[in-house]
Number of protein chains: 2
Amino acid sequence: MANSSITSVGIVTPEVFHFKDPLILRSGKIIPYYDLITESYGELNKKKDNAILICHALSGDHHAAGFHSESEKKPGWWDSAIGPGKAIDTNLFYVVSVNNLGGCGGSTGPTSVNSVTGKPFGPDFPVITVADWVESQKRLMEVLNIEKWAAVIGGSLGGMQAQHWAIEYPEKLRGAICIASAAKLSAQNIAFNEVARHSITKDPNFHDGRYLEHNSNPKQGLMLARMIGHITYLSDSAMRLKFGKEFTGDQLKPEKNVGRNLKSGELSYELNVDFEVESYLHYQGERFSNNFDANTYLLMTKALDYFDPSTDFNNDLSEAFAGATCKFLLISFSTDWRFPPERSRELVEILLSASCDVSYIEIEADEGHDAFLMPIPKYMEALRAFLKNIYNELEDHAS
Amino acid sequence: MANSSITSVGIVTPEVFHFKDPLILRSGKIIPYYDLITESYGELNKKKDNAILICHALSGDHHAAGFHSESEKKPGWWDSAIGPGKAIDTNLFYVVSVNNLGGCGGSTGPTSVNSVTGKPFGPDFPVITVADWVESQKRLMEVLNIEKWAAVIGGSLGGMQAQHWAIEYPEKLRGAICIASAAKLSAQNIAFNEVARHSITKDPNFHDGRYLEHNSNPKQGLMLARMIGHITYLSDSAMRLKFGKEFTGDQLKPEKNVGRNLKSGELSYELNVDFEVESYLHYQGERFSNNFDANTYLLMTKALDYFDPSTDFNNDLSEAFAGATCKFLLISFSTDWRFPPERSRELVEILLSASCDVSYIEIEADEGHDAFLMPIPKYMEALRAFLKNIYNELEDHAS
């Protein structure tokens, strides 16, 4: 962590909160009690009005910034944006990051032990929706004695949580930042999610979700799900830059030929891995399948599919946002085809029609959906400027 | 078949050709003898110069047009384009369609019995390249006593065969029509193919490719491969039209809400199939996995990945096409993101730089890559006009 020490939040220690009141889910099912694991960065001021909630996406967790130890090699997943002097400036804000219910990072989820059976919940853990997460985050907010979030921020699935906060608890947040998100999934997105679920549940090691009881892991299925996901998080152009022969209209020559074939152009003429992109995907899938819980993956994709704020409002999204009072910042990335700019622009139109205060910026970026994790200067500047305006509105600048 | 009888080629009977001379493959391996199954439509004229070769794509076969029996419900895969009076007019041309080597439609492939072992070839069937297919098609041409194809036509992987014909046997064809094709695959395309292969080969019923000997079928893997493929053959917009709530910028209202949720809006809040697109994908995958051979799927995707005409020409695609003398027609579809218009435009640039005679049209179509199978009027007109010009060049118009 030496190199990033200047702007890093440094060593962070997660904190677990126990909730003893039952949580009634959107499905009607009840979680009688549960834990939420969190991290926080920066200091809560006296007025307790400088808190920001970070909502994570499909495979994220509470570890958004800093390091868990001196020996940890990689910082939290959004360390590029969160820290002293960074876009989400911990010199100004108290930043709270939480692992969602159903996750596998330490909050209660399918890998937790069900005290009734003494075994992991596994497939008995109920389907969770974005609304349920927001409800659990609201309770966390109460425990933290925070009256109103300065902002709720999230990318992708995280942006959906920010949307739901704005709809459900309009008086509880000043700003909602939805990055690379959508008002609801496209059919194509649902289709990709279903293929991922199919690959997991049809893995013979899935055991109807009770793989932990069988000392097993549907590793191949999870690996495949991640490989598919990974392709869709990268743009075609990013993959061409990274792995491909790049044609340029002017030159008609390969711009770079490096790395397309593993063995410097020698093809195996077998059903082997010949291209670097293949081994890269294998590596990504392998790593993920060793570190993530398959049941959690199923739950997270289902939460994505189900998200549709209009269902409570006569299928009218504009009506859904009619009560929202916070300021919105929407950000999309030019080459993101999983949550393309069109989806963000639709949300802008909906918010405008609901008379919301909305800013929108489309960032030019090669990295596809993954761009939301990159410290792209214009993107960081947009976050910083929006949050600075909110900070200036706070009554108590001194902590 | 009653409705399409006027422009249908009617009942067709496949024909099998036996080849006894060994075929030396690009890999160095040898196929000692083999069968090719074909269909033909229309009549070969006296000069034998009105023959067209149809090359199929990944999951295609020789059955391109007409019906195998009065009771067959669906005609061949390209019946919309091939027939009397149709774009590929069997009143003018003699159309030959062949199932490629390694296929599972009746030509020698992994499901064929290896006479040495008495068992199916399975995984022992060698990896086949586009160049190998063209070589086998050249031998078929000789058997048919055809001196020069009026045209070689193919979509996707079929378009790659047309390209290779133009490079390898320039004097043997007047026209090459490459539809929704590319000079080589993008890294993204190779990545999707690798995920498909991974899902097949990791299916426990794959048995290292010897599933037939085990009376088995890697059905789940093949189903998954097809589901992924199917998503990528459809455009996002096509899926939205077919399954999605459709936003329109003006109205901000769902244009149609039908069919998104299976049970008229009732969500299961279980890990079930809730959305119509999910059950549609299951159906497509299920059907395909009952009718296609997994080893063939592996071979076909590998042929796609390997295609790169520049490898024999100092990695210079322009040099590869320098010897081509036929006319080219390239066609792409606006919403095709698996073989997008950019890839066809690159090929146009390459062909122009090689001083080839090339026409190019980009067709506006919602259907994505699948558009190449649709009878879109402008598309059909482009095919018809190009072929009519070739027909007018033929010396002997009367058959």
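Tutor: Copies are superposed by least squares on the C-alpha atoms of residues with pLDDT of at least 70 in both. Keep that in mind, since we're looking at a predicted model.

Student: Okay, what makes the relation between chain B and chain A that of a two-fold axis?

Tutor: Superposing chain B on chain A takes a rotation of 180 degrees, with 0.0 Å of shift along the axis and an RMSD of 0.0 Å. That is the relation of a two-fold axis. The same surface serves both copies, too: 98% of the contact residues of chain B recur in chain A.

Student: How do you know which residues of chain B are in contact with chain A?

Tutor: Two residues count if their C-beta atoms, placed from the backbone, lie within 7 Å. By that test, 54 residues of chain B are in contact with 54 residues of chain A. The largest share of chain B's side, 10 residues, comes from α3(B). By class, that side has 26 nonpolar, 12 polar and 16 charged residues.

Student: Now the sheet in chain A. Why do β1 and β14 stand at the edges?

Tutor: The order is β1-β4-β8-β5-β11-β12-β13-β14, an open sheet of eight strands with mixed pairing. β1 (15–19) and β14 (357–363) of chain A each have a single partner strand, so one side of each is left without a neighbour in the sheet.

Student: And how do you know that β5 and β11 of chain A pair?

Tutor: Pairing takes at least two bridges between the strands. β5 (residues 51–55) and β11 (residues 151–155) of chain A have four bridges, in the parallel sense, so they count as a pair. One example: A:L53 has A:V152 in β11(A) as its bridge partner.

Conventions
Residues are numbered from 1 along each chain as its sequence is written. Chains are lettered from A and ligands numbered from 1 in the order in which they are written. This is a predicted model: local features need pLDDT of at least 70, side-chain atom pairs count only at pLDDT 80 or more; totals for chains, interfaces and linings use all residues. Helices (H or I, at least four residues) and strands (E, at least two) are DSSP runs, numbered from the N terminus. Ala, Val, Leu, Ile, Met, Phe, Trp, Tyr, Cys and Pro count as nonpolar, Asp, Glu, Lys and Arg as charged, and the others, Gly among them, as polar.
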